[in-house]
Amino acid sequence: MTFARHISRLGGLLALGVAAQAAYTIQDSYDQTNFFEGFEFFDYPDPTNGFVKYHSAAEANSLSLAGYANNAVYLGVDSTTVNPVGGRGSVRVNSKKTYSQGLIIADIAHQPTSACGLWPAFWTVGQNWPFNGEIDIIEGVNLATNTTYTLHTGPGCTFSQGDCNAPGSGNLGCGTASHDTQTLSDGFNEIGGGVFALEWTSSAINVFFFPRNGNIPQDIAAGNPDPSTWGSPSTSFSGSGCDISSHFQNHQIVFDTTFCGDWAGKVFSDDPVCGSKATTCQEFVSSNPSEFKDAYWLINSVKVYSENNSSSEKYAAIPKPFTA
């Protein structure tokens, strides 16, 4: 997908299993009119040890790595600097509010394209990782063609997909591959994107995907989503092996793009294509900026719906190390 990259500057000062049927009401809506008021920039060292430099809001905007394009939210990476000092420039943003249960619907027009060394993700996470949980909705590395849905928790949470605290630290977690090439990178972008929905209740964590060229439920566009009418989710985590309410609490919504690190870097040489391009992941990412010219997110909207007026809270987030 191509678009005219007229990046609008951010105005003002940018301060730093199936769940039971539920009625959902809109709680928060983030789009090109207010996204950067509801999301903040993470500009600390990457907790996943990536070869990346996350920029502040002001830096990202001045470098045209964050802004608005095609009436959507643009989040990109540095695709021009050769041998960047301290890592390739990128952005990581998280919602200022935290959420416990509810329905999160993300309409996305473009994901970072497939590229050796790349590790993009759309996810939710609580503080004190992994004890308040993490839900990975879109995630893949290097030349992966489909997303992997993964949960990470502290001890005592197991679903049919496995132990979410595996291998005892939560780093691997429990998950399942989608096997749908339209869910990630090039396959996703070729169809103009689509809609991901996370339904999170006390009894189940369900993820739905609706491709742009498919049948996106009309109730989503109408603002009255009813997951009970959507059919089977792409994946569902449920069962008596995990008390969801105690293992998943107060999550921020996160978009980021990192490079190499604990996953993409670790398996870089396992991919015959990537392994043939450079000896190490960092060497390739450092020397080939043009490979990442299409490594951007284009987000139409993120909408959060609450069930029975479930609460969200805003707090002064103190970044703490955790592993995605």
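## Helix α8 and S286

S286 lies in helix α8, which spans residues 281–287, in what is a predicted model of the protein. With a relative accessible area of 10%, S286 falls under the 20% cut-off and is therefore classed as buried. Leaving aside residues up to four places away in sequence, S286 touches F51, T81, V82, N83, P84 and R88.

## The protein as a whole

The protein that holds this helix has 8 helices and 21 strands, and buried residues account for 55% of its 324 residues.

## V91 between two strands

V91 is found in the loop that runs between β6 (88–90) and β7 (92–95). Although V91 belongs to a loop, its relative accessible area is 3%, and V91 is therefore buried, since the cut-off stands at under 20%.

The contacts of V91, not counting residues up to four places away in sequence, are F41, Y54, A60, L65, L75, G76, F255, D256 and T257.

## Strand β12 and its two partners

Strand β12, made up of residues 148–152, is mostly covered, with 4 of its 5 residues buried. This strand pairs with strand β11 (residues 134–139) in the antiparallel sense over 3 bridges, and within that pairing T150 of β12 stands opposite D136.

Strand β12 is also joined to strand β15 (residues 174–177) by 4 bridges, and these two strands likewise run antiparallel. Here L151 has C174, in β15, as its bridge partner.

## N206 in strand β17

Where is N206 placed, and is N206 buried or exposed? The residue sits in strand β17, which covers residues 204–211, and its relative accessibility is 0%, so that N206 counts as buried.

The side chain of N206 is joined to that of S236 by a polar contact of 2.5 Å. The C-alpha atoms of N206 and F237 are separated by 6.3 Å, although the two residues are 31 residues apart along the chain.

Note on methods:
Residues numbered from 1 in each chain as written. Predicted model: local features only at pLDDT ≥ 70, side-chain atom pairs only at ≥ 80, totals over all residues. Heavy atoms only, no water. Buried < 20%, exposed > 50% of the residue type's maximum accessible area, 1.4 Å probe, protein only. Contact = heavy atoms within 4.5 Å. Pairing = 2+ DSSP bridges. Polar contact = N/O pair within 3.5 Å; in protein donor to acceptor, adjacent residues only side chain to side chain.
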